[in-house]
Amino acid sequence: MAHIVGGINVTHVPYIGRALANNLQQDAYWKPFFDGFPPVHDWLAEVKPDVAVVVYNDHGLNFFLDKMPTFAVGAAPEYVNADEGWGIPTVQPFGGDLDLSWHLIDSLIEAEFDLTTCQEMLVDHAFTLPLELMFPDRLEKPIRTVPICQNTVQFPLPSAKRCLAFGRAIGRAIENWDSDARVVVLGTGGLSHQLEGTRAGFINKAFDLEFLEKLVSDPDWVTRFNNDELVEKTGTQGIELLNWLTCRGALGATVRQVHCNYHIPISNTAAGLLAMACE
Ligand code: DHB
Ligand code: FE
């Protein structure tokens, strides 16, 4: 059976694409962010995942506001990036894993999560940049991928309770996949940020730090908040932290924290990075 090595949650901000393209990792603005990654790269070199299941939200590239699935799973041989209008370079496509995609779709629908199935799926910065950050040599050493897209964009959104249950079902499905593959789960977005309106620029460090701690030790803690409360605490885009919760759900009851980094701000966002190993 397949083995989940652990999970990594990380912020996605288009601006990171510009830093990567221009090799700005040592620049004073970027260094505190990029310095978070070497310990995660070391851990990935140890646990050697073959496949990354990426829980993220699309921002209007593949799904626009007129058609908005709550949960969508990719089942394509490859996933293509395209221009979102941020002025960052588009990146090379990512290979899929059709066997895992269909196994996940079958298992999750059996578990009563009524998904949208995507045999073609454009992937935006929320999928591409975390993978570029985690696997900088992915063109030489390709990692197979399965995108899992959650609606964190247009109300009504799935609740924290639903996302955690979805993540747990994803974890059970991966563990029942008849394969010797090693799987890492990624969750992208957050932490606190708001891009528009009177609270544009809003950041809540106290909540982010508590969230980071509870995500490791007691992820059910997040389910005490409804989505209005999560938006109030984290901002209209901070609610992307639901993707982190789904990722955490997939990792099982107990995890070991491998590394955590938190830095304010990257663009308008409180940038977080949290790697957890399954024991
Ligand atoms: C920013 C953050 C996001 O999550 C996003 O999807 C786009 C932009 C930002 O802080 O600039
Ligand atoms: Fe986002």
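The following dialogue reads selected features of a predicted model.

Visitor: Let us begin with the metal. Which residues are the protein donors of the iron ion (ligand 2)?

Guide: In this predicted model, the protein donors are His12 and His59, each through NE2, and Glu240 through OE. They lie 2.0 to 2.2 Å from the iron ion.

Visitor: How are these donors spaced along the chain?

Guide: The spacing is H-x46-H-x180-E. His12 belongs to the loop between strand E1 (3-10) and helix H1 (14-21), and Glu240 to the loop between helix H8 (227-234) and helix H9 (241-249), so this pair ties together parts 228 residues apart in sequence.

Visitor: Is His12 buried or exposed?

Guide: Burial is judged from relative accessible area, and under 20% counts as buried. His12 has 3% relative accessibility and is therefore buried. Glu240 is likewise buried, at 3%.

Visitor: I turn now to the other ligand. Which residues are around ligand 1?

Guide: Among them are the iron donors His12, His59 and Glu240.

Visitor: Which polar atoms lie by the oxygen atoms of ligand 1?

Guide: One is a polar side-chain atom of His59, 2.7 Å from an oxygen atom of the ligand. The side chain of Ser267 has an N or O atom 2.6 Å from a ligand oxygen. From His12, a polar backbone atom is 3.3 Å from an oxygen atom of ligand 1.

Visitor: How much of the accessible area of ligand 1 does the protein cover?

Guide: On its own, ligand 1 has 290 Å² of accessible area, and the protein covers 96% of that. The space that ligand 1 takes is the largest pocket.

Visitor: Next, the backbone. Which peptide bonds are cis?

Guide: As a general idea, most peptide bonds are trans. Here, the bond joining Phe155 and Pro156 is cis, with omega about 5°. Pro156 is in the loop between strand E8 (144-150) and helix H6 (160-175). Another cis bond runs from Ile264 to Pro265, where omega is near -20°. Pro265 has its place in strand E10 (residues 255-266).

Visitor: Where does Ser267 lie, and what is its phi?

Guide: Ser267 is in the loop between E10 and strand E11 (269-278). Its phi is also positive, at about 55°, although Ser267 is not a glycine. With a relative accessible area of 33%, Ser267 is partly exposed. That value takes only the protein chains as cover, and the side chain of Ser267 is also one of the contacts of ligand 1 already described.

Visitor: How is a helix shown to be enclosed or open? What is the case for helix H5?

Guide: One asks how many of its residues are buried. In H5 (residues 125-134), nine of the ten residues are buried, so the helix is largely enclosed by the rest of the structure. The buried residues include His125, Phe127, Leu129, Pro130 and Met134.

Visitor: What is found at the start of H5?

Guide: There, a side-chain oxygen of Asp124 reaches to within 2.9 Å of the backbone nitrogen of Ala126.

Visitor: Which residue does the side chain of Asn243 contact?

Guide: Asn243 makes a polar contact, side chain to side chain, with Asn57 at 3.0 Å. Asn243 is in helix H9 and is buried, at 0% relative accessibility.

Visitor: What does the side chain of Ser179 reach?

Guide: The side chain of Ser179 reaches the backbone nitrogen of Ala181, at 2.9 Å. Ser179 is in the loop between H6 and strand E9 (182-188), and its 16% relative accessibility counts as buried.

Visitor: Finally, is Gln119 buried or exposed?

Guide: Gln119 is exposed, with a relative accessible area of 55%. Its place is the loop between strand E6 (116-118) and strand E7 (122-123).

Notes
Residues are numbered from 1 along each chain as its sequence is written. Chains are lettered from A and ligands numbered from 1 in the order in which they are written. This is a predicted model: local features need pLDDT of at least 70, side-chain atom pairs count only at pLDDT 80 or more; totals for chains, interfaces and linings use all residues. Side-chain values use heavy atoms; hydrogens and water are left out. Donors are N, O and S atoms within 2.8 Å of the metal (3.2 Å for Na, K and Ca); water is not among the atoms, so sites may look incomplete. Helices (H or I, at least four residues) and strands (E, at least two) are DSSP runs, numbered from the N terminus. Buried means under 20% relative accessible area, exposed over 50%, partly exposed in between (1.4 Å probe, protein chains only). A residue is near a molecule or strand if one of its heavy atoms lies within 4 Å of it. A polar contact is a pair of N or O atoms within 3.5 Å; within protein, one must be able to donate a hydrogen and the other to accept it, and residues adjacent in sequence count only if both atoms are side-chain atoms. Accessible areas come from the Shrake-Rupley method with a 1.4 Å probe; for residues, only the protein chains shown count as cover. On a 1 Å grid over the protein atoms alone, a cavity is a set of points where a 1.4 Å probe fits but cannot get out, and a pocket is an open set with protein on both sides within 12 Å along at least five of seven lines; lining residues have an atom within 4 Å of a point. A molecule sits in a cavity or pocket if more than half of its atoms lie within 2 Å of its grid points.
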